Amino acid sequence: MTLRRRIALVTAAVLLPTVLAIFAWDAHDRRRAAEQELITFTRGLLAMPGWIEGCEADPARWTGRRPTGPPDSARRPRPPGSPAPSAARLRRPGPAAGRPGFVPVPHSEPARFFAYGADGQPLRPDNPALPAGLPDDAVALDMPARSGIVRISLPTASPICARIVGQGTTEPWLGGVLPATHVWLVPVLAVVGAVLLAVGPVVRRIRRLTRAVQRSADADYAESVADGGRDEIGALARAFDAAARQVREQLEETRSREAALRDYVANTTHDVMIPLTVLRGHLAELEAGGAACPDAMRGALREAHYLGALIHNLGVSARLATDDGPMHANPVDLTALVERVVARHRPVARGEGVDLQVAVPPGPLTIDGDVTLLEQAVGNLVDNAIRYGRAHAAVVLDPLPAGFVLAVIDDGPGIEPDAVEAMLARGGRADAARSRAPKGQGLGLYIAARVAERHGLALNFGPVEGGGLRVELGPSGGLAG
Amino acid sequence: MMATMSRCVLVIEDDPALGPQLVRHLVGAGLAARLLAEGRPLDGEDLHDVDLVVLDLMLPGQHGFDILRQLRATSAVPVLVLSARNDTADKVRGLQLGADDYMTKPFWPEEFVARVQARLRRPLLERQAGIRIGPLELDLDRREARLDGVSAGLTRVEFELLAALSERPGAAVSRRALAGRVLDPDGPGDPRTLDVHVSRLRKKLAPHGLIETVWGIGYRLRALDGEAP
């Protein structure tokens, strides 16, 4: 249901009963006033000599007309404000239109009277029948009559014309309410016009807002629907804009996650296929040459290790790229973590001919962090140390008064200070060919740096005496030494 | 090694290749191992003489976490969780449910065996109170070191150095940790000071060559009598 139709229905539902109640009350009030006036008028006639006697003389033809002759106002009592009996009209009181004290009532009729015997039987055949149960000695009101007609019944002292019924006119049922002039239409029309003027723009703005919302939805809620209004509709539009912003953010986040997932699947597929192919090659060599292929065996082991690390790194990388929210921060025992990482890399180090050593505190060294991210970061550093180290790699975890420092050291070629930033960037893997770095996947340091950052830590690089690289994960502020 | 010869490990792994392979690795390392290839509640017979449970999570039947929860209600046997998912929430949940350690697949057989042995050895290490390593005896109360029953005549710093290294024979101790423990914090702080003390200590412990230099880290006391780091 449209707003306009709803407003019209509500207005009608409120106005109609109200108007009908006013009409009914007014009609009843005016009918009662007309009856009282008719009673007073009839009693005046009863007191007039010769009036009831006329009935007694010829009840079968008596109509209540006053005796003929010159008017004598001194002899004929008149009800206050009533006209002469010959022109008797029952009319409503109110401001006069024309002569003072006389207000012509449209379609009014002269008062008529009907006589009845003591037994209640009409004395003329065309007299209306009396209702049953009328009191014998009391004035009766609410006599049955058509609309616009009032009747009253009065007992008399006459044995023949024992009861007189007077009949007069009153205002028509609706005519009693409406003012005599049409001036009343002005304020009514003004009110209706004001309502239409007020409702019309509201309906138009709501329609505009509806169209704007539809356009915004078609444009992924990128368009604002606010119309600058400072009323409730303006507030509704602003509320929709706020909701649309949230929807848009969630849409973007969802799309970003979907894109990251697609990227992850595509990258994983691509990156896994190459080492898998190499691994197949090594296994084929082994099958052909048996145990006499130590190089193929080492290569197969290396590729298998690389595959596992690659998949873990891609997963962590996708998570770091899309998940900026709070980490799964839980107590993490770095001592156990380092021992796990070193144990995992010992076979690789041995295969590469690198002596991997570790030093950890005798007890747990616990921090709050994400164990998966931290373990992946430390694993990447250790993996790099093994890959680039010539003969030695070492992992040292030392507690500090405020925190810890975890150093991963190798005796490899090291890196120039100005190359650190490029190594930490992920851009090296952004080339279309996604070629594999000569000794690794290129994601390791990027992930380690991002994980450090997420934990409020820093990754610092420095040389090793005698040649090599020292990477420290710890508080920011440079190498702890 | 003798301490782990009779140790028994229950491996709960459904993969038909991986499960038997894990058992072979454990047996090859001198441990007894049994394989359970389905997920179901463990009863007393399953756990009879078991010193460690290796529990895979994704099992047909009952999930590994459910097995772990039920196991913890009745037993304190150590549990090493195996998971193919490198997910922090899984690890945290596993540890909260009472797992003692976890490993993420893939892993090397050597790594797996080392983790199992470390977990089995841990209570033994905790029970070690006195320090006697081969020909070396340390009296911590009298702060005296004897080599082959004869006092080595160590200075305070040398004794502290030796005590720090002998707490975990075979394990490397970083230079920072040694310096923080034995050197005067208000001293000159020359990194070579520690090397000088170690050099003097080596001479006093000669000819056994108990103290080894660990590249990039610091020093360690050579493990004797099968002690492993």
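## Contact between chains A and B

Contact here means heavy atoms within 4.5 Å. By this criterion, 42 residues of chain A are in contact with 27 residues of chain B. This is a predicted model, in which local features need pLDDT of at least 70 and side-chain atom pairs count only at pLDDT 80 or more, while totals for chains, interfaces and linings use all residues. Residues are numbered from 1 along each chain as its sequence is written, and side-chain values use heavy atoms, with hydrogens and water left out.

The area buried between the two chains (accessible area, 1.4 Å probe, that the two parts lose on being put together, summed over both) is about 2700 Å², and carbon and sulfur atoms give 55% of it.

## Salt bridges across the interface

Five salt bridges are found across the interface of chain A and chain B, each defined as a side-chain nitrogen of Lys or Arg within 4 Å of a carboxyl oxygen of Asp or Glu. One salt bridge joins the side chains of Arg340(A) and Asp101(B), at 3.9 Å from N to O.

## Strand β8 of chain A

Among the elements that each supply at least two residues of the side of chain A that touches chain B are β7 (392-400) and β8 (403-410); strands are DSSP runs of E, at least two residues long, numbered from the N terminus. Seven of the eight residues of β8(A) are buried, that is, under 20% relative accessible area (1.4 Å probe, protein chains only).

Strands pair if DSSP finds at least two bridges between them. β7(A) and β8(A) are antiparallel over eight bridges, with Val396(A) partnered by Ala407(A), and a hairpin of two residues joins β7(A) to β8(A). β8(A) also runs antiparallel to β10(A) (residues 469-474), through five bridges; there, Ile409(A) stands opposite Arg470(A).

Methods:
Chains lettered and ligands numbered in written order. Helix = DSSP H or I, 4+ residues; strand = E, 2+ residues; numbered from the N terminus. Buried < 20%, exposed > 50% of the residue type's maximum accessible area, 1.4 Å probe, protein only.
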